[in-house]
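Student: I would like to learn how to read a model like this one. Could we go through it feature by feature?

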Amino acid sequence: MKTPFHQTTIALVYDFDGTLSPKAMQEYTILPELGEDPVAFWHECTEEAHRLKADPMLTYMRLLIEKMAKAGGRITQQRLGELAAGIPYFPGVSIWFEHINHYVHTQSNGRVQIKHYIISAGLKDILDGITIRHHFANMFGSEYYFCATDGLPKFPTIVVNDTTKTQYLFRINKGHEDVREPINDVMPYAERPIPFSNIVYIGDGSTDVPCMSVARRNGGYAVAVHKDTQTHAACEALLADDRIDYLAKADYSPGTELDHRVRLIIDRIIADIFFKEEHFIQKHPQQHSHTTPCQ
Ligand SMILES: [Mg+2]
């Protein structure tokens, strides 16, 4: 059965570490709580993964399990969420979401919706406690199985890394955001709730390349943000290699370069949605008695 045109939602999908917040989330939360020096911890993870020829993400998650066990059950799943209250954000992040939501509403006369998502290789248990949580339709991250008896993490239940991140773009695209739902079943493009052409991925560097590529190759957009000379150079390289549409300083305040460039993309997506909607109406006139002209 034919349905009215429904692909009127824009998704802004963010990496977290280095994109919304300056450092890795563990450096503001679990590592200080454990008394671990971040530089020493990440070095230990790298050395251990190298020594064992192991997956870096699984290695870091195992080392955290061991260190949390040594802390004697002091750091529970609930405590991880509480620690997230101390995470700082880049300038403007606290007002960014309402600012962009208002912009989309105004530019589209209320005919286009926007949703924000986080896909992070960091810990979902930390993300659940972030102060900006209420702005997101959903968040995806690595997760532990916590033992009900001693409250300690025993094993990962979900591991998100650079490449598995892309799975969640397809989950957003197909509307199958629950990981229990199959993701590989065929779904015609016209039935997907948020087509890739309505998706903007915002990240900060090489770990975001798989998501940036998946977004752009499927008709979506990618933006890279930077915080210093080194990350600026990394973003310039992504631009030179045609892996992003725009780069900008990680300042989410109204009127910044980032604000301007994201709004340019949003303008284009809104125009694209109206264009496709008009085409749909022409093909299915019985579905629409009358619509207001596109602006
Ligand atoms: Mg990052």
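Student: In which helix does Ala 215 lie?

Tutor: Helices are DSSP runs of H or I with at least four residues, strands are E runs of at least two, and both are numbered from the N terminus. Ala 215 lies in helix H8. Before we go on, this is a predicted model, so local features need pLDDT of at least 70 and side-chain atom pairs count only at pLDDT 80 or more, while totals for chains, interfaces and linings use all residues. Residues are numbered from 1 along each chain as its sequence is written, and side-chain values use heavy atoms, with hydrogens and water left out.

Student: Is Ala 215 buried or exposed?

Tutor: Buried means under 20% relative accessible area, exposed means over 50%, and partly exposed is in between, using a 1.4 Å probe and protein chains only. Ala 215 is buried, because its relative accessible area is 0%.

Student: What is Ala 215 in contact with, neighbours within four places in sequence aside?

Tutor: Contact means heavy atoms within 4.5 Å. With those neighbours left out, Ala 215 is in contact with Leu 169, Phe 196, Tyr 201, Gly 220 and Tyr 221.

Student: Which residues coordinate the magnesium ion?

Tutor: Donors are N, O and S atoms within 2.8 Å of the metal (3.2 Å for Na, K and Ca); water is not among the atoms, so sites may look incomplete. Here Asp 15 (OD), Asp 17 (O) and Asp 204 (OD) coordinate the magnesium ion at 2.2 Å. The donor spacing in sequence reads D-x1-D-x186-D. Distant parts of the chain are linked in this way: Asp 17 sits in the loop between strand S1 (9-14) and helix H1 (30-34), and Asp 204, 187 residues apart from it, in the loop between strand S5 (199-203) and helix H8 (209-217). Asp 17 and Asp 204 are both buried.

Student: How do I find a pocket?

Tutor: Rolling a probe the size of a water molecule over the atoms shows where empty space is left. On a 1 Å grid over the protein atoms alone, a pocket is an open set of points where a 1.4 Å probe fits, with protein on both sides within 12 Å along at least five of seven lines; lining residues have an atom within 4 Å of a point. Points are joined across faces, edges and corners, and the volume is the space filled by probe spheres set on them. The largest pocket holds about 820 Å³ of space. Its lining has 29 residues, with Asp 17, Ala 24, Trp 42, Asp 162 and Thr 207 nearest the centre. H2 gives the largest share of that lining, four residues.

Student: Which side chain makes a polar contact with His 116?

Tutor: A polar contact is a pair of N or O atoms within 3.5 Å; within protein, one must be able to donate a hydrogen and the other to accept it, and residues adjacent in sequence count only if both atoms are side-chain atoms. The side chains of His 116 and Asn 101 are joined by such a contact of 2.8 Å. His 116 is found in strand S2 and is buried, because its relative accessible area is 2%.

Student: What is the phi of Asn 109?

Tutor: Asn 109 has a positive phi of about 50 degrees, although it is not a glycine. Asn 109 is in the loop between helix H5 (93-107) and S2, and its 54% relative accessibility is why it counts as exposed.
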